[in-house]
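Open the model in your viewer and keep the selection panel at hand.

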Amino acid sequence: MAAPSGGWHGVGASLWAALLLGAVALSPAEAVSEPTTVAFDVRPGGVVHSFSHNVGPGDKYTCMFTYASQGGTNEQWQMSLGTSEDHQHFTCTIWRPQGKSYLYFTQFKAEVRGAEIEYAMAYSKAAFERESDVPLKTEEFEVTKTAVAHRPGAFKAELSKLVIVAKASRTEL
């Protein structure tokens, strides 16, 4: 869809916004419930730590972040989870709200339960103020049906954000 001509003033802009909102409303599989965001500390020290949270009806989906890091002090990170209106998709975003992490990650893994990953991306720097997300190189991490994790020997120890979009696992009858 192209924006209507005549600029973004007056009725034209209002009509365009209404049409755009209507198009989004007609795509229920794309609509996402209000996400749940939970803060947690990422702690250095070289010890493996995990943080997980559930979302969906009956806590149908779980996202778990497991990591080990070195240097500095604790950093506050967030995990946001949301589901589509039909509860067939869910998203899990794990990130440092201040943008770049100053910790040196020796390993990371984000796993989902109750769903299979359709899309995942890892970032060395999260968007902050006027800065954009900076993705890791594809050789630094791997994605399976249920996890996104560092690749030993290729991961350069910088991590600030993980994004996962997953679809409900099919159950066999």
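Begin by selecting Phe65 and Trp77, both of which are buried (under 20% relative accessible area with a 1.4 Å probe, protein chains only). This is a predicted model, in which local features need pLDDT of at least 70 and side-chain atom pairs count only at pLDDT 80 or more, while totals for chains, interfaces and linings use all residues. Residues are numbered from 1 along each chain as its sequence is written, and side-chain values use heavy atoms, with hydrogens and water left out.

The ring centres of Phe65 and Trp77 lie 6.0 Å apart with planes at 15 degrees, so the pair is stacked (rings of Phe, Tyr and Trp, the last by its six-membered ring, pair with centres within 6.5 Å, and planes under 30 degrees apart count as stacked). Phe65 belongs to strand E3 and Trp77 to strand E4, 12 residues apart (strands are DSSP runs of at least two residues, numbered from the N terminus).

Next, select Phe65, Phe90, Ile94 and Leu159, the residues with the most contacts inside the largest nonpolar core, which has 35 residues (buried Ala, Val, Leu, Ile, Met, Phe, Trp, Tyr and Cys joined through side-chain atoms within 4.5 Å). Strand E7 gives this core its largest share, 6 residues.

Finally, select Lys161, which lies over the face of Tyr123 at 5.4 Å from the ring centre (NZ of Lys or CZ of Arg within 6 Å of the centre and within 35 degrees of the ring normal).

Notes: Buried < 20%, exposed > 50% of the residue type's maximum accessible area, 1.4 Å probe, protein only. Helix = DSSP H or I, 4+ residues; strand = E, 2+ residues; numbered from the N terminus. Phe/Tyr/Trp six-rings, centres within 6.5 Å; stacked < 30°, edge-to-face > 60°.
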